[in-house]
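Work through the exercises below with the model open. Each task is followed by its solution.

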Number of protein chains: 2
Amino acid sequence: MEEIIDYTLIEKALELIDNKRFAELKTLLEEENPADINDIFDELNDQQSILVYRLLPKELAAEVFVEMDTDKQEYLINAFSDSQLKDVFDELYYDDTADIIEEMPANVVKRILKIVSPDMRKAVNELLKYPEDSAGSLMTTEFVRLKKHFTVKESLDLIRSVGVNKETIYTCYVTDDKNHLIGIVTAKDLLLSELNECISEIMEENVIYVNTLEDTEQVVLMFGKYDFLALPVVDKESRLVGIITVDDAIDVMQEETEEDFSKISGIVPGDTEYLKTSVIKLWASRIPWLMILMISATFTGMIISKFENALAVLPILTAFIPMLMGTGGNAGSQASVTVIRGISLGQVEFRDFFKVLWKECRVSILCGLVLGIAAVGKVMIVDNLMMHNPEVTVFVALVVGLTLFATIVSAKIIGCALPLLAKKIGLDPAVMASPLITTLIDTVSLLVYFYFATVILKI
Amino acid sequence: MEEIIDYTLIEKALELIDNKRFAELKTLLEEENPADINDIFDELNDQQSILVYRLLPKELAAEVFVEMDTDKQEYLINAFSDSQLKDVFDELYYDDTADIIEEMPANVVKRILKIVSPDMRKAVNELLKYPEDSAGSLMTTEFVRLKKHFTVKESLDLIRSVGVNKETIYTCYVTDDKNHLIGIVTAKDLLLSELNECISEIMEENVIYVNTLEDTEQVVLMFGKYDFLALPVVDKESRLVGIITVDDAIDVMQEETEEDFSKISGIVPGDTEYLKTSVIKLWASRIPWLMILMISATFTGMIISKFENALAVLPILTAFIPMLMGTGGNAGSQASVTVIRGISLGQVEFRDFFKVLWKECRVSILCGLVLGIAAVGKVMIVDNLMMHNPEVTVFVALVVGLTLFATIVSAKIIGCALPLLAKKIGLDPAVMASPLITTLIDTVSLLVYFYFATVILKI
């Protein structure tokens, strides 16, 4: 795989900066994509950033600004004069401005809101009212509105006159007098229809939309399901207030996926790239679950202490504990991660609880049988025959095999049930993931182990 | 969160089917989105599917067909007459046809290729030549080509005449006589420019593209980075051969994410939804890693056997083994999952190896110190003071604390290093994830534990 970061470009740019060949650098940057230019800024210190930023033409400068880290944005804003600041923000879309403002300290926000146009100020203030993780917080208010009595020609003329400031012109929205959404028309429809046709004839009336307060998770699922380029957002009175574009949906999709990855590996999710995150921040995101799980391991310790005498009679039993607990943990996390992803993707719901449970029962019995028999075989062949350990009898092998079977079955059932139950009571299913479930399974498998050992080996 | 599947619609449809009210059902379905209609088909048996499928108008029928499971597609194809089959495939895009054909048995493929138009047959055969997971296998050949001497009006006229069959008209591609890609023009550019302007004046010449053989992972990263609606694909001679649209990129993005989730939880990735996967298939995807990891746990067992005498002298030492191994596993998987995701997202490369190592060193020392001290405290307070266990001395607490510190540091270093090394030698980093690393860390932590126990406790 090639690299997604163009290191050749970065090196070339750094060389030009070092040699103060700014005219060449300007020419180079003007040809590049904003995302690639931002990769260069990632390698520059603050002073260099200002210097290079001033080389960019107005529109490109704004596009690069949107791509930057919050820290760099804040530094640049503080370094800008008011008129420079206005130049940047005049080029931005309202939703990008709102996103930037949300991350800035109060004094910077005040300064930005002072210099931007009244229209932008009003729109941004509206956008900032929506709760985080709501469709409203994700939408933009810059889209093309049509009326159903417009002809195709009138619509195209309208797009020509206002389109340059709209985030997309590829889906246009038809509203009535009360601003209710009554249809959509794509640019493709407009381009392929006769100029004198009426919008009401070509518009699609069965429009899929979301409410401003809808969870962004749901928005992302809808983009995945319906292949939209944009999704309209309506308020409680069904009035069209904004649209969400596919590029923003992709960003949220990626953020949510990374959150799930963090949670199932016992990390408190953050929103910065690994290499750009400070050691302290990484530590803070990792220590809580490590601590909780370490302390909860007290239970397993107590169980083992309680059966100290049994272990003293037959010390070889200790040797199988890591294998039993490890396999239980693996079996449990297979089930829990599968169910957690199923929930995240909208493929599994609480209503499927018994379907899931029944499926995992059967899968776990199959897995448990195979592994249980394999374990008995392994213990007899490796520990008894090859290593001539006299402590290892066929009864010990039987205890290990039976415990493994019971551990796998209970691990898979706990693993599939907990995320669904968590979802039912309004908790985050992903937090019920492997680390937490593993601790629970450890406890179960030790109890089962000592039970079988006591009953079968009579110790 | 609302549900992404419209169960009310499904129930309504099922009721109409049960009561044979097909005219009403037809009217209902005509208003719905293909993805929602497919949710209904998911609940129908094969006979019902054919019945309901025949109610759909031609174009919608084809759109629903693309959404269906492979099994249902195959059943319908076998049930169709040749002319019905032709009706469906005539409506499909070339890349969708290629995707369907790839999943079908040879006799079905033969039948499809016989009935489709010669143009489609040729295009599909071309598409099928590209290796799986290559950009070529993902692209469509149905896009709008412009020439640089065209005017905007000529271009719009061309779109009007050919656009209905193109997968997107929103990005048009400008090629020279030898079919080399020399620029792109968006529909927005066309709509906002004067009709007599020349394409060469408005086209963007710095086009980002991929090669047909580029890995789809790279393609997905590019969509995430550049916010494209479509990405052009060129062959070895730099000739434009196709485009990849954003909806297909999102699908691949989701597939690859789910593969990573599977791998880090020790599951062999599959491509069907959990609830639709058979028990045997689930078992087959889960048993390999469970088996490998169970067998590799032989090492931990052997280490414990070797130190049986030490444990016999001080049985309480056994009680801490689960906690030490569990915390080591958690610490390791925090590091490995973080690095694996960094690699998948193109944010971490092998060139960052020492940067990552140095970062994890510092994070792990911080985590190790805090947890080590907490463990000493916990052992002294809970086991010594509260449970009055005479075996638990301050030296035992020290052994536990020191082992925990060493385990966490080595767990994080192993966890971050293995995925990067795997990537370097061309293996899949995600396979180096938690389960495999945990087994390794278990071994390390036991060795360290017994080393400290022998040295400090002199047993």
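**Exercise 1. Salt bridges**

Count the salt bridges over all chains, then find how many lie between chain A and chain B.

Solution. The model is predicted, and side-chain atom pairs count only at pLDDT 80 or more. Take a side-chain nitrogen of Lys or Arg within 4 Å of a carboxyl oxygen of Asp or Glu. By this rule, all chains together give 40 salt bridges. Between chain A and chain B the count is 8. A pair across the two chains is A:K225 with B:D39, with N to O at 2.4 Å.

**Exercise 2. A salt bridge inside a helix**

How far apart are the closest N and O atoms of A:K263 and A:E259, and why are these residues separated by about one helical turn?

Solution. Start with the atoms: the closest N and O of A:K263 and A:E259 are 3.7 Å apart. The cut-off is 4 Å. The pair forms a salt bridge. Now place the residues. Both are in helix α16 of chain A, which covers residues 246-264. A:K263 and A:E259 are 4 residues apart there, so about one helical turn separates them.

**Exercise 3. Two helices in chain B**

Classify the crossing of helix α5 and helix α7 of chain B, then describe their contact.

Solution. Helix α5 of chain B spans residues 58-67, and helix α7 of chain B spans residues 82-91. Their axes come within 8 Å. The crossing angle is roughly 80 degrees. Angles of 65 to 115 degrees count as roughly perpendicular. α5(B) and α7(B) are therefore roughly perpendicular to each other. Next, list the contact. α5(B) brings B:K58, B:E59, B:A62 and B:F65. α7(B) brings B:D87, B:V88, B:F89 and B:E91. Sort these residues by type: 4 are nonpolar, 4 are charged and none is polar.

**Exercise 4. The two copies and their interface**

Solution. Superposition takes a rotation of 180 degrees with 0.0 Å of shift along the axis, at an RMSD of 0.1 Å. The two copies are thus related as by a two-fold rotation axis. The same surface serves both copies, since 100% of the contact residues of chain A recur in chain B. Within chain A, A:A312 comes closest to the rotation axis, its C-alpha lying at 3.3 Å. Now the interface. Chain A gives 123 residues to the contact, and chain B gives 123 residues. The chains bury about 11,500 Å² between them. Carbon and sulfur atoms account for 66% of that area.

Methods. Residues are numbered from 1 along each chain as its sequence is written. Chains are lettered from A and ligands numbered from 1 in the order in which they are written. This is a predicted model: local features need pLDDT of at least 70, side-chain atom pairs count only at pLDDT 80 or more; totals for chains, interfaces and linings use all residues. Side-chain values use heavy atoms; hydrogens and water are left out. Copies are superposed by least squares on the C-alpha atoms of residues with pLDDT of at least 70 in both. Contact means heavy atoms within 4.5 Å. Axes are lines fitted to C-alpha atoms, for helices over the stretch in contact, and angles run from 0 to 180 degrees between N-to-C directions. Angles under 35 degrees count as roughly parallel, over 145 as roughly antiparallel, 65 to 115 as roughly perpendicular and the rest as oblique. Ala, Val, Leu, Ile, Met, Phe, Trp, Tyr, Cys and Pro count as nonpolar, Asp, Glu, Lys and Arg as charged, and the others, Gly among them, as polar. Buried area is the accessible area (1.4 Å probe) that two parts lose on being put together, summed over both.
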